[in-house]
Amino acid sequence: MALLEVNNLDVRFAMRGGEVCALRDVSFSLERGERLGIVGESGAGKSVAAFTILNLIAKPGYIAGGEIKFDGTVLNTMKPKALQSIRGNRISMIFQDPMMTLNPVLTIGAQMIECLKAHRRISTKDARAIALHKLNQVFIPSPEKRLDQYPHELSGGMRQRIIIAIALLLDPDIIVADEPTTALDVTIQAEIMELLLLLCEKHNVGLILITHDLGVVSQVTQRTLVMYAGRVIEQGPTREIINDAQHPYTQGLINALPQMATPGSRLNQIRGSMPTLTKIPAGCAFNPRCDFASDICLQEVPNFVGSGNCKVACHMVDAMVKGQPWTPILTDKPVTKTVPLPEVNA
Amino acid sequence: MIAFLIKRLMHAVLVMFVISIISFAIQDNLGDPLREMTGQAVSEAQREVMRDEMGLNDPFITQYLRFAGNALQGDLGTSYFYKQPATEVILRHLPATLELVMASSLIIILLSAPIGVFAAIRPRNWLSRLFMGTSIIGISVPVFLTAILLIQVFAIGVTVDWFPSDTQWGSILNGMLSTDGGMPSYGRGELTHVAGSWSSGFFTADGLWHLVLPAISLASIMLPLFIRLIRAEMMEVLQSDYIKFARAKGLGLGRIYFLHALKNTMLPVITVGGVQIGTMVAYTILTETVFQWPGMGLMFLEAITRSDIPLIVAYLMMVGVIFVVTNTLVDLIYGLVNPTVKLAGKPA
């Protein structure tokens, strides 16, 4: 049994004009020590998925269905006190913007020690020693001094290191990192990512990495989840997804990487933009932007089909696997392409 | 720290200089002090002699320089009415005002923080809505009206006969809405002498009892303001990432609300609060008049009607000092609470 299992998760926001579905039928799992990347454009529901794991979605949002199972217990029906003892202790989080994540009026030491004290019966002196040890692990220069400093006295990269140290403070099973490098300087991004990878490998910590950087995903994670408009559209081993993406959206994302463009020419892009959650088109949500969309894409939401070790929610891939012809409306020319057959032991 | 205080002192000198000029300049428009000091029997010629003796016929500059020279030696002139040094008169009235302001501040601090925080944490709770609704009324009703209402209800007492008293429910409702009154609404009550000119009402039950109504009416304007300020700030802070992160760390709600959120909420509240304490000293004029509270406000009003110029000027100077002192204190406290602020001269 996987350490974390998310099954058919539905998250909705009760807005004034009616309910908005932020996540629909999202399922994934994470083994102990495994690293999973969740990718997608802004508004795909990546962050909502991350916050939902610890039931930290803000007020009008709520879990409308499905379950989140961690180490055998269901988190989403848990009493608040019990869930609180898991937050920061067995599952911890790293946020996007290190400039905003630390409380400006409390010292670094206070913010680390309170976290330890919230979960363990421990003296301030011992807690300080652990905090110091963790600061050493994230390679912070003169950690003793940092404990008595306030966040504003440190740089963004330094603060994100401290946040990583806080996330590791209680030796969690899983770290959920919500775009941990987006707000950082490009030169610092690689450093922080490397550090996170190193520490996760060293301590056998599971990582759920939310990002829109496919390059980072390919370097850090073992499995990848691609999300679009609140749904998972493709998931599987990172290597297979990067090398041979099946879903037209994933292909588009990979083609949009600067490395994929011919030097001197314009970068590739997926035309159009992600629909807002209130105006998700019928059928496959990606159909208005898809070059291969056919009639069925406008009517039916695709189910997952196996392709290699991956699962893809696409009518075209479904047709290919079954050996049926596929004619997009846009080009009106039949498409032929090879799709890896599902592996039996996947 | 010392550099900061020196800077503040220079500030204060500048502020006091401006206040003294302005307050001194308006004296010509405040009426003739001679008419108040002397009776009908004194002839115009005699009055002119007195004017000359008092230096009231000198040019403005001469009068001001004389005043400023004396003020630097702590002499703000002699009150025309009390025939005593104005500083002495002010200092005799100061404790009453300060105690009133302190009592009101206490009410404001003790009530606004919990109510504001509660209204921010549970914005949809009916109690929060009630607080927010009544706070609008509190802000809109002027102090003197609140004071008069308080006196009517709690000191004089009201008999309500809106409902038919021959029915049981009617008489019960009438009884519930009627009050006996009996609260003191005049003066400071029994005082204990503390030191110098300072007599305090804080140490006797009667003195405290006399404080209740004036303190409530003085607080009635500021309290709603602070509740709304704290609520708005707190709601904004609760949206911030560091609060979400504190939740993700598995901290208890109590710690999140009252340490992480409240400490950030209080930063702007402290700044506004400092200015408001100064303003409250000004509001005491109304409250003290309605309650015949023998403080500076009442004294100032009387000084104006008597054209007692040295006392008026001394009062304005005193209020200036209070403003400068409270603002300095507030800046010091702010520097302690907010680590991102470095006071001038404090080592980084």
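Me: What is the order of the open sheet of 4 strands in chain A?
Reply: This is a predicted model. In it, the pairing of this open sheet is antiparallel.

Me: How many bridges pair strand 1 with strand 4 of chain A?
Reply: Strand 1 covers residues 4-15 and strand 4 covers residues 61-70 of chain A, and they pair in the antiparallel sense. L4(A) has F70(A) as its bridge partner in strand 4, while R12(A) has Y62(A). The pairing of strand 1 with strand 4 extends over 8 bridges.

Me: Which residue in the turn between strand 4 and strand 5 of chain A has a positive phi?
Reply: Strand 4 and strand 5 of chain A run antiparallel and are joined by 2 bridges. F70(A) stands opposite T73(A) of strand 5. The two strands form a hairpin with 2 residues between them, and the residue with a positive phi, of about 50°, is D71(A).

Me: At about what angle does helix 1 of chain A run to strand 2 of chain A?
Reply: Helix 1 comprises residues 46-53 of chain A. It lies across strand 1, strand 2 and strand 4 of that chain. Its angle to strand 2 of chain A is about 70°.

Me: Which strands are the edge strands of the open sheet of 8 strands in chain A?
Reply: The order of this sheet is 6-7-8-3-9-10-12-11, with mixed pairing. Each edge strand pairs on one side only, and these are strand 6 (91-94) and strand 11 (304-307) of chain A. From one strand to the next, the twist averages 20°.

Me: Which element gives the most to the side of chain A that touches chain B?
Reply: In total, 24 residues of chain A are in contact with 20 residues of chain B. Strand 6, helix 3 (98-101) and helix 4 (108-119) of chain A each give two or more residues to this side. By class, the side has 12 nonpolar, 9 polar and 3 charged residues. The element that gives the most, with 4 residues, is helix 4 of chain A.

Me: Is W293(B) buried or exposed?
Reply: W293(B) is placed in the loop between helix 11 (253-291) and helix 12 (296-305) of chain B. Its contacts beyond four places in sequence include A96(B), L100(B), R188(B) and P214(B). Because 26 other C-beta atoms lie within 10 Å, against a threshold of 20 or more, W293(B) is classed as buried.

Me: What distance separates the C-alpha atoms of W293(B) and A96(B)?
Reply: These residues are 197 residues apart along the chain. They also touch each other. Their C-alpha atoms are separated by 7.4 Å.

Definitions and conventions:
Residues are numbered from 1 along each chain as its sequence is written. Chains are lettered from A and ligands numbered from 1 in the order in which they are written. This is a predicted model: local features need pLDDT of at least 70, side-chain atom pairs count only at pLDDT 80 or more; totals for chains, interfaces and linings use all residues. Two strands pair if DSSP finds at least two bridges between them. Axes are lines fitted to C-alpha atoms, for helices over the stretch in contact, and angles run from 0 to 180 degrees between N-to-C directions. A residue is buried if 20 or more other C-beta atoms lie within 10 Å of its own, exposed if 12 or fewer, and partly exposed in between; C-beta atoms are placed from the backbone. Two residues are in contact if their C-beta atoms, placed from the backbone, lie within 7 Å. Ala, Val, Leu, Ile, Met, Phe, Trp, Tyr, Cys and Pro count as nonpolar, Asp, Glu, Lys and Arg as charged, and the others, Gly among them, as polar.
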